[in-house]
Amino acid sequence: SSGINAEYGGLMVEQVTTNPLATGNHLSDEKTVLSSYGTLIERDQEANGTKPEIERSALKIQDLEQSLSLTHTISIAVSQIIGSGIFVSPNVIIKSVGSMGVSMIMWLVGGLLALCGALCFGELGALCPKSGGELQYIKLTYGRMASFVNLWVLLIVSSMGPAVIALTFSTYFLSLFMENDSDHFVLAKKCVAALAILIVVAICIYGTRAGVRVQNFFMVMKFLAIGVLILLAIIFLCRGRTENITAGFEDTNTNFTGWSNALLSSLWAYNGWTSINVVASEVKNPQKNLPRALIITGVVVTLSYIVINLSYHTILSPEELKKSESIAVLAGETFFSEYGGSWMIFGKYLFGASVALSTFGALLSIILSFSRLPHVGTMEHMLPSVFGLVSRKNKTPVTSLVFLGFTSICCVWPSNIGDLIVYVGFLSWIFWGLCFLAVIILRFKQPSLRRPFRVPLFIPVIAIVTSLYLILGSIIAEPLISGVWLLVTLMAVPVYYGYVDTEESCNKWSGALTQRLTSYFDSNES
């Protein structure tokens with residue numbers, strides 16, 4: 001049959017029918033049309049001119065622009081990692097291990113384990129420099145179905161992660177103006193968190209470079225605040241106040257089951273190093289810059305965390321650290337209290353605002369990277385085509401950003417940060433462990449593939465053992481909750497075979513929706 005012409009937003013879009021069952025030489029040349037909103041709409045028809053039995057809209061997605069330099073890539077990861085964790089986890093760790101000495105060991109071990117994971121992702125990222133990160137590595141190693149199960153979990157995690165950071169931001173931000181036990185504090189916290197997500201989504205829609213520039217600003221402000229904290233600790237030491245830092249291993253908790261919680265909290269603070277691989281296709285010269293960015297990020301963050309925690313332990317005693325979750329604010333109040341009440345209030349606002357800025361920058365970073373996942377799912381024909389809409393003007397995955405913003409706001413309303421952190425960690429480490437195992441499998445399964453960056457095999461082995469420890473520890477500690485999330489994960493299998501494997505039911509409705517959205521945005525951008 002002949003081609004079908006349709007007018008969208010003043011543009012003439014030509015489509016030709018296709019038979020998805022046709023293969024090889026039975027297909028005519030593809031006719032591709034790019035609308036101003038970045039959707040590539042393709043349909044083929046059989047060469048003999050017969051009407052196809054099944055018609056569908058096979059959408060291909062415009063590649064995202066390679067606009068991220070090495071510095072920008074490091075900025076994304078550092079901003080995402082140094083977010084809320086360093087301002088929350090020290091309290092959990094010191095309560096779990098009891099002493100300053102063991103607490104510092106946990107931070108060092110967590111940094112080394114995170115670096116091992118980052119090195120494994122560095123080899124995989126150089127081997128397969130495509131957006132989607134672990135989604136691509138799982139597909140390459142275990143197949144398409146396993147990759148869809150991973151995508152299913154990633155969509156859940158990518159919604160809960162921003163919700164955790166947004167709630168942390170709103171908690172610190174509102175603490176500057178309201179008491180935590182205020183009647184309206186919980187509702188205000190949810191509203192501010194939702195508003196923060198909307199603002200960040202709008203920034204990311206405006207453009208990747210704009211998002212990175214805003215993120216760079218918050219990263220600079222964050223490190224200035226951290227620098228002030230370190231300076232205050234040095235002044236403390238110069239005054240001869242060494243009683244806290246010399247406490248060493250006093251009051252160490254000998255119940256080693258608590259140490260696993262400390263390690264989990266440490267690794268939560270280091271969480272975010274995978275964000276580089278998610279935006280791999282947007283990185284310039286990814287074969288070289290991806291491993292470099294991962295290694296530099298790991299070293300910088302580990303050293304930063306050790307110095308920051310030494311500063312905490314210099315100004316605050318272990319008992320003070322155990323009592324307060326807002327340890328940065330307490331450190332500021334403690335230091336400036338010697339100069340009077342007005343200075344103590346100044347310290348509270350200085351570090352309260354600093355934590356708020358830090359978490360807002362981390363929120364921007366995590367949404368910037370996670371928004372690529374639905375877009376990649378469309379490119380891999382695993383999600384409806386509507387998620388593949390890319391703004392031709394700004395080169396950003398608009399519908400993916402809107403979807404992530406909506407689902408993240410939905411996760412904000414339960415308002416239980418602790419549970420969200422546990423769910424994110426448990427689900428994430430399952431597939432990270434499979435990625436670490438993929439490094440070893442691909443060495444034997446695909447030995448001829450070019451590997452610009454290779455890690456010694458003992459590194460993925462350490463990462464795999466760590467993953468098993470954390471997964472089994474979560475199952476033993478919370479068998480019911482872990483079982484529920486495992487069941488949710490396995491639900492992806494029937495969805496894949498009933499929906500994604502054929503793609504027919506997907507495109508029956510998503511193709512029409514995509515065309516309507518394309519028409520709408522074409523008319524607004526023309």
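**Entry 1: confidence and overall make-up**

I began with the confidence of this predicted model: the mean pLDDT of the protein is 74, and 75% of its residues reach 70 or more. Next I looked at residues 1-62, where the pLDDT is below 50. Beyond near neighbours in sequence, that stretch has 135 contacts in the model.

I then listed the secondary structure and found 20 helices and five strands. The protein has 526 residues, and 57% of them count as buried. For the accessible surface I noted about 21800 Å², with 65% of that belonging to carbon and sulfur atoms. I also looked up the contacts with a separation of 6 or more: residues 24 or more positions apart account for 78% of them.

**Entry 2: salt bridges**

How many salt bridges does a search of the whole structure find? I got two.

One of them joins Arg443 to Glu123, with the closest N and O atoms 2.8 Å apart. I placed Arg443 in helix H16 (residues 417-445) and Glu123 in helix H3 (residues 100-127), so this pair ties together parts that are 320 residues apart in sequence.

Glu319 forms a salt bridge with Lys322, and here the closest N and O atoms are 3.6 Å apart. Both residues lie in helix H11 (residues 318-323), three residues apart, which I noted as about one turn of the helix. Glu319 counts as partly exposed at 43% relative accessibility, and Lys322 is partly exposed with a relative accessible area of 22%.

**Entry 3: aromatic pairs**

I turned to the rings and counted 18 aromatic pairs. A pair of aromatic rings is described by the distance of the centres and the angle of the planes.

For Phe169 and Phe360 I wrote down centres 5.5 Å apart and planes at 55°, so the pair is tilted. Phe169 counts as buried at 10% relative accessibility, and Phe360 counts as buried at 9%.

Tyr496 and Tyr497 form an edge-to-face pair, 5.1 Å centre to centre with 85° between the planes. Tyr496 counts as buried at 5% relative accessibility, whereas Tyr497, at 48%, counts as partly exposed.

I found one aromatic cluster formed by Phe121, Tyr137, Trp429, Trp432 and Phe436. Some of these names came back when I looked up Ser467, which sits in helix H17 (residues 458-477). What is Ser467 in contact with, leaving aside its neighbours within four places in sequence? I noted Trp429, Trp432, Gly433 and Phe436. Ser467 is buried, with a relative accessible area of 2%.

Phe217, Val220, Met221 and Leu224 make a nonpolar surface patch of about 370 Å². I picked out Met221, which is found in helix H7 (residues 208-238). With a relative accessible area of 31%, Met221 is partly exposed.

Conventions
Residues are numbered from 1 along each chain as its sequence is written. This is a predicted model: local features need pLDDT of at least 70, side-chain atom pairs count only at pLDDT 80 or more; totals for chains, interfaces and linings use all residues. Side-chain values use heavy atoms; hydrogens and water are left out. Helices (H or I, at least four residues) and strands (E, at least two) are DSSP runs, numbered from the N terminus. Buried means under 20% relative accessible area, exposed over 50%, partly exposed in between (1.4 Å probe, protein chains only). Contact means heavy atoms within 4.5 Å. Patches are made of residues with over 30% relative accessible area and no salt bridge: like charges are joined within 9 Å, nonpolar side chains (Val, Leu, Ile, Met, Phe, Trp, Tyr) within 5 Å. Accessible areas come from the Shrake-Rupley method with a 1.4 Å probe; for residues, only the protein chains shown count as cover. A salt bridge is a side-chain nitrogen of Lys or Arg within 4 Å of a carboxyl oxygen of Asp or Glu. Rings of Phe, Tyr and Trp (its six-membered ring) pair if their centres lie within 6.5 Å; planes under 30 degrees apart count as stacked, over 60 as edge-to-face and the rest as tilted. pLDDT is the predictor's confidence in each residue, from 0 to 100.
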